[in-house]
Amino acid sequence: MSTFWDKQIGRADFLAGQSSGSKDLLAFYAQLLRAQKEIYESFCGRTHWSPSGDLEKDVSVVQSSMSGLLQRVARNGPEALAEEAEALLHAESNAMAQELLNYWRNPTDTQFFAKSVLQPYARWLAETGTAPAGRELAGGERTCPFCGGKPQVSFLQSKESGAESGNRDLLCATCLTSWEFRRVVCANCGEERPAKLGYFHSPEFDHIRIEACDSCKHYIKGIDLTRFGLAAPLVDDLYAAPLDLWAREHGYTKIELNLIGL
Ligand SMILES: [Zn+2]
Ligand SMILES: [Zn+2]
């Protein structure tokens, strides 16, 4: 069941080997994905344990899976994160447990460690069909139908062979599963008027575009798998970091920052 993680890792390794500005970020992300895969596998490999879906009950198991990730970030992360990882390795376990629970109940995209660890946990819940509990999140079609998380990235793919343009899906920032979404609608506020929705694209990233909304001034990145099927939306979002800078300069806020904070 690790194919999902292997695919992301393979794509991050490949892109980190290309000569582009995001090289260091991608190399770090490849390490982080390896750590997340280890966490995921530690859940699958536990005998006599399956997740309850209630983080309050599962938190000690989740927390005990974290040290590898903290060590990798301490070794390979950008300075500020590396220092934080080092501190967490020596912190009291109650503090981290509280941070995980806070994120679970009220996620924010700036809680790097909680988000990194709870992604493999929530994905494991999704794959075992265990409904998450203790998350009273907004709901509605613009959040994940499984866990209530916000969309991290949007992507187009052809579900039927011969279809000309492809379906649009949103990928959840928390459980990393995806759900179908209408094509010409803002994923943040639901705006549908075409005049309010803008798409920005740079020839450098041919299969990636910014999908921006002038009503709520938010954006999400769209990855077009019908143009380039080898892309992995989660990783290609990070690869096209220069587009985030462009969007920010033009006054748009990302619906959900990725793990690298862009
Ligand atoms: Zn989700
Ligand atoms: Zn909007």
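This is a predicted model: local features need pLDDT of at least 70, side-chain atom pairs count only at pLDDT 80 or more; totals for chains, interfaces and linings use all residues.
**View 1. Helix α7, residues 112-128.** The 17 residues of α7 should span 24 Å at 1.5 Å a residue, and the 25 Å between its end C-alpha atoms agrees with that expectation. At Leu 118 the helix bends by about 30°. A proline, Pro 120, follows within four residues of the bend. Of the 17 residues in α7, 14 are buried, so the helix is mostly covered.

**View 2. Asp 236 in helix α8, residues 233-239.** Asp 236 has a relative accessible area of 0% and therefore counts as buried, the cut-off being under 20%. Its side chain makes a polar contact with the side chain of Arg 11, at 2.7 Å. Leaving aside residues up to four places away in sequence, Asp 236 touches Arg 11, Leu 15, His 207, Ile 208, Ile 223 and Ala 231.

**View 3. The site of the zinc ion (ligand 2).** The protein donors are the SG atoms of Cys 186, Cys 189, Cys 213 and Cys 216, which lie 2.3 to 2.4 Å from the ion. The angles among the four donor atoms are 106 to 113°, and the site is tetrahedral. For four tetrahedral donors the ideal angle is 109.5 degrees. Along the chain, the donors follow the spacing C-x2-C-x23-C-x2-C. Cys 189 lies in the loop between β3 (178-181) and β4 (197-201), and Cys 216 in the loop between β5 (208-213) and β6 (218-224), so this pair ties together parts that are 27 residues apart in sequence. Cys 189 is partly exposed, at 33% relative accessibility.

Key: Residues are numbered from 1 along each chain as its sequence is written. Chains are lettered from A and ligands numbered from 1 in the order in which they are written. Side-chain values use heavy atoms; hydrogens and water are left out. Helices (H or I, at least four residues) and strands (E, at least two) are DSSP runs, numbered from the N terminus. The expected span of a helix is 1.5 Å times one less than its number of residues. The bend at a residue is the angle between axes fitted to the seven residues ending there and the seven starting there. Buried means under 20% relative accessible area, exposed over 50%, partly exposed in between (1.4 Å probe, protein chains only). A polar contact is a pair of N or O atoms within 3.5 Å; within protein, one must be able to donate a hydrogen and the other to accept it, and residues adjacent in sequence count only if both atoms are side-chain atoms. Contact means heavy atoms within 4.5 Å. Donors are N, O and S atoms within 2.8 Å of the metal (3.2 Å for Na, K and Ca); water is not among the atoms, so sites may look incomplete. Four donors count as tetrahedral if all angles lie between 85 and 135 degrees; four count as square planar and six as octahedral if opposite donors are over 155 degrees apart and all others between 65 and 115; anything else is irregular.
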